Amino acid sequence: MKLSKFKFILPPELIAQEPARFRDESRLMVLNREKGKIEHKVFKDIIKYFGKGDVFIMNNTKVFPARLYGNKEKTGARIEVFLLRELNPDMRLWDVLVDPARKIRIGNKIYFGPNDSLVAEVIDNTTSRGRTLRFLFDGTHEKFKKILYGMGSTPLPKYIEREPTPDDVVRYQTIFATEEGAVVAPAAGLHFSRELMKRLEIKDCKFEYVTIHSGLGNYREIDVEDLSKHKMDSEQMRVTADAAKVVNDAIDKKRRICAVGSTVMRAIESSVSTDGHLKEYVGWTNKFIFDPYEFSIANAFITNFHTSLSSLLMLAATFGGYDLVMEAYNVAIKEKYHFCAYGDAMLII
């Protein structure tokens, strides 16, 4: 499978800049793989496709306020610092991206806050834009995190061309987010409202949670035509024994098992036993799924509409079938569906 097969022209106005008024009232395109059929629904209509004993697997990662701005010592140049992950809580070490990177070298200090109340020193270069920062702070770790996050803002993707608002603090987060560590929201999960989940529970559907801390690798451009040569960034993940037990019981009973989002699909496909069941796992995954690939766990998939040439589109096309999914994207553009994190959803069954 070649990169160029996933290229399409996306009108910029179809990239959602705001969330839908209500979570469960985004548009929903339903793809039936067996019939090759495309239907147009509203997201809360998913209740019609699931019943007793069916399982939704969700990503309970929690987005933290990862984007902050500081000033370089001496010059006062404004620097964007994007927090990726905490490396050492005791030493206040963080893996970050900086912009503009050319101005930030080892030994430089960056000052944050209205009174330069928080200072960080660059102690290592990791990539062209990547740096390791050591924050200089004497208080407790809890107090440090509170101050650091208080200076940060919701890390909306760059394609959302506006500043984050207080509304984004709530809406760029799933209602079931509990495990802090993501800088990218698991977008498919954003469509689930409390009311919809309650209605699904009344139908005796089950919800199980895995954790995969979504990183900026989801947005990294693929620069090789031969997809077998592309390497995904690693993301931290966890599948609990309890979640595996419920999912495996549903597999054995031939229930519908729905992976909610590409992060979930990658996580569960990284934790498959030799007999095709889900197993407990704590660690990292850099799994890149593209055609040909045989899925082991999920037989239904909820995902948003993605950009051209993205690994997320490739995963959807692998699960749904290349021809059907690419046809669906043409229809989505014609019907003016909204794309990306705050956009509309696709259910593949």
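1. Two strands count as paired if DSSP finds at least two bridges between them. Strands here are DSSP runs of E with at least two residues, helices are runs of H or I with at least four, and both are numbered from the N terminus. With that in hand, T211 has R238 in β13 as its bridge partner. Strands β12 (residues 206-212) and β13 (residues 235-239) pair in the antiparallel sense over two bridges.

2. A caveat on the source: this is a predicted model, where local features need pLDDT of at least 70, side-chain atom pairs count only at pLDDT 80 or more, and totals for chains, interfaces and linings use all residues. Residues are numbered from 1 along each chain as its sequence is written, and side-chain values use heavy atoms, with hydrogens and water left out.

3. Now the sheet. It is open, has nine strands with mixed pairing, and runs in the order β2-β1-β17-β16-β14-β3-β12-β13-β15. The edge strands, β2 (37-42) and β15 (281-285), each pair on one side only. Twist averages 25 degrees from one strand to the next.

4. Helix α4 (residues 241-252) lies across β3, β12, β13 and β14, at about 130 degrees to β12; angles run from 0 to 180 degrees between N-to-C directions, with axes fitted to C-alpha atoms, for helices over the stretch in contact. Helix α7 packs on the sheet too, touching β1, β2, β16 and β17 (contact means heavy atoms within 4.5 Å).

5. Last, α6 (residues 311-320) and α7 (residues 322-334) pack at about 125 degrees, axes 6 Å apart. Their contact includes L313 and A316 of α6 and Y322 and L324 of α7.
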